[in-house]
Amino acid sequence: MNLEEKIAKLDELATEIENGAPLEESLKLFEQSVVIADDCMKILNDCNGRLVVLQEKVRNLTDEK
């Protein structure tokens, strides 16, 4: 699943919980949400790291001129 799909799944799980899923089911849905949210953070942190590297490359290119 890509980031957008994971975010959509989080939204879906939140809706199920908000719509009054039974306690045990809500707990399972919340556990799934925590795992997916952690995956999303890993993806975002990776993207951020890549952006930092690219920004540094751009700075180096403009500094050379």
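Is Lys6 buried or exposed, and what is the relative accessible area of Lys6?

**View 1. Lys6 in helix 1.** Lys6 is buried, at a relative accessible area of 11%. Buried means under 20% relative accessible area, exposed over 50%, and partly exposed in between (1.4 Å probe, protein chains only). Leaving out residues up to four places away in sequence, Lys6 touches Met1, Ile36, Asp39, Cys40 and Ile43. Contact means heavy atoms within 4.5 Å. This is a predicted model: local features need pLDDT of at least 70, side-chain atom pairs count only at pLDDT 80 or more, and totals for chains, interfaces and linings use all residues. Residues are numbered from 1 along each chain as its sequence is written, and side-chain values use heavy atoms, with hydrogens and water left out.

**View 2. Helix 1 against helix 2.** The two helices pack at an angle of about 155°, their axes 9 Å apart. Axes are lines fitted to C-alpha atoms over the stretch in contact, and angles run from 0 to 180 degrees between N-to-C directions. Helix 1 is therefore roughly antiparallel to helix 2 (an angle over 145 degrees). Helix 1 contributes Leu3, Lys6 and Ile7 to the contact, among others, and helix 2 contributes residues including Ile36, Asp39 and Cys40.

**View 3. The largest nonpolar core.** Six residues form this core: Leu3, Leu13, Ala21, Leu29, Ile36 and Cys40. Such a core is a set of buried Ala, Val, Leu, Ile, Met, Phe, Trp, Tyr and Cys residues joined through side-chain atoms within 4.5 Å. Helix 1 (3–18) and helix 2 (23–64) each give two or more residues. Helices are DSSP runs (H or I, at least four residues), numbered from the N terminus. Helix 2 supplies the largest share, three residues.

Key:
Parallel < 35°, antiparallel > 145°, perpendicular 65-115°, else oblique.
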